[in-house]
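Please read the report below alongside the sequence and the 3D view.

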Amino acid sequence: TRDVVYDSLTFANRRELHLRVAQAVEALHADRLPEFFEVLAHHYRESADREKAITYLMRNGDRLAREYSPEAALQNYLRAIDLMRNAPQPDNRSILAAYQRVGELALAAGRADLGFEKMRLAADLAEELGDRRALVMAVTLIGRLATKANRFGEAQRHLTRALELSEGLTDQTLRRDILGSMGQTLARNAE
């Protein structure tokens, strides 16, 4: 019966209904919003409020990552990226930051295949934007993903490239992280 009623609504009425449900959930459960991030993302997406849907997808992804559910967190971030990329005017800097998070989550979830794909997109986007720091971070993550996948030669090539790209950047923590990742790669390769 509920589906019949829902199907009989116009798209405009459906969007309005989803918006009202999302607003009601926010108002009624303001003190426990994290429990409702997924529901809110769904209703805001269906209401065509892209920005709030993205916000709640990423907040839910972060919550899931803190709860040691990297695969579920990854799915939330991937849906957020889809919404961002399909925006009338995509915010490439936000997309790049979300790709970075996807790379970290892919590493935690053991999803090297997905991580490689998304971090290559991140590296391309960083180059397009002229953001060398983000490029170094993406290439470093590709190297770390290759290490996790036991592809040590590939890992070393990416990490060496990241180290070269980091020359001249003032952020010494990047270089420290790259060198640490190189050490881990060498240690894992020796096992």
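## Ser166

In this predicted model, Ser166 has a relative accessible area of 1%. Buried means under 20%, so Ser166 counts as buried. Ser166 lies in helix H9, which covers residues 152–166.

Which residues does Ser166 touch, not counting those up to four places away in sequence? They are Val136, Arg175 and Ile178.

## Ala112

Ala112 belongs to helix H7, which runs over residues 112–129. Ala112 is also buried, with a relative accessible area of 14%.

Leaving aside neighbours within four places in sequence, Ala112 is in contact with Ala106, Leu145 and Ala149. Ala112 and Thr147 are 35 residues apart in sequence, and their C-alpha atoms are 9.3 Å apart in space.

## Helix H3 and its cover

Helix H3 spans residues 37–46. Its buried residues are Phe37, Leu40, Ala41, His43 and Tyr44. What covers these buried residues includes helix H2 (11–28) and helix H4 (50–66).

H3 is followed by Ala48, which has a positive phi near 75°.

## Helices H5 and H6

How do the axes of H5 and H6 meet, and at roughly what angle do they cross? The axes of helix H5 (residues 70–85) and helix H6 (residues 92–109) come within 9 Å and cross at roughly 160°. An angle over 145 degrees counts as roughly antiparallel, and H5 and H6 are therefore roughly antiparallel to each other. The crossing in which H5 passes H6 is left-handed.

On the H5 side, the contact is made by Pro70, Glu71, Ala73, Leu74, Tyr77, Leu78, Ile81, Met84 and Arg85. On the H6 side, the contact is made by Ser94, Ile95, Ala98, Tyr99, Arg101, Val102, Leu105, Ala106, Ala108 and Ala109. Sorted by type, the residues of this contact are 15 nonpolar, one polar and three charged. Ala106 of H6 is listed in this contact, and Ala106 is also in contact with Ala112.

## The whole protein

The protein has 10 helices and zero strands. Read along the sequence, its pattern is α-α-α-α-α-α-α-α-α-α. Along the principal axes, the C-alpha atoms fill a box of roughly 60 × 35 × 30 Å.

Of the 191 residues, 43% count as buried. Among contacts with a separation of 6 or more, 54% are between residues 24 or more positions apart. The protein exposes about 10,700 Å², and carbon and sulfur atoms supply 51% of that area.

Key:
Residues are numbered from 1 along each chain as its sequence is written. This is a predicted model: local features need pLDDT of at least 70, side-chain atom pairs count only at pLDDT 80 or more; totals for chains, interfaces and linings use all residues. Side-chain values use heavy atoms; hydrogens and water are left out. Axes are lines fitted to C-alpha atoms, for helices over the stretch in contact, and angles run from 0 to 180 degrees between N-to-C directions. Helices (H or I, at least four residues) and strands (E, at least two) are DSSP runs, numbered from the N terminus. Angles under 35 degrees count as roughly parallel, over 145 as roughly antiparallel, 65 to 115 as roughly perpendicular and the rest as oblique. A crossing is left-handed if the near helix is turned anticlockwise from the far one by less than a right angle, and right-handed if clockwise. Contact means heavy atoms within 4.5 Å. Ala, Val, Leu, Ile, Met, Phe, Trp, Tyr, Cys and Pro count as nonpolar, Asp, Glu, Lys and Arg as charged, and the others, Gly among them, as polar. Buried means under 20% relative accessible area, exposed over 50%, partly exposed in between (1.4 Å probe, protein chains only). Accessible areas come from the Shrake-Rupley method with a 1.4 Å probe; for residues, only the protein chains shown count as cover.
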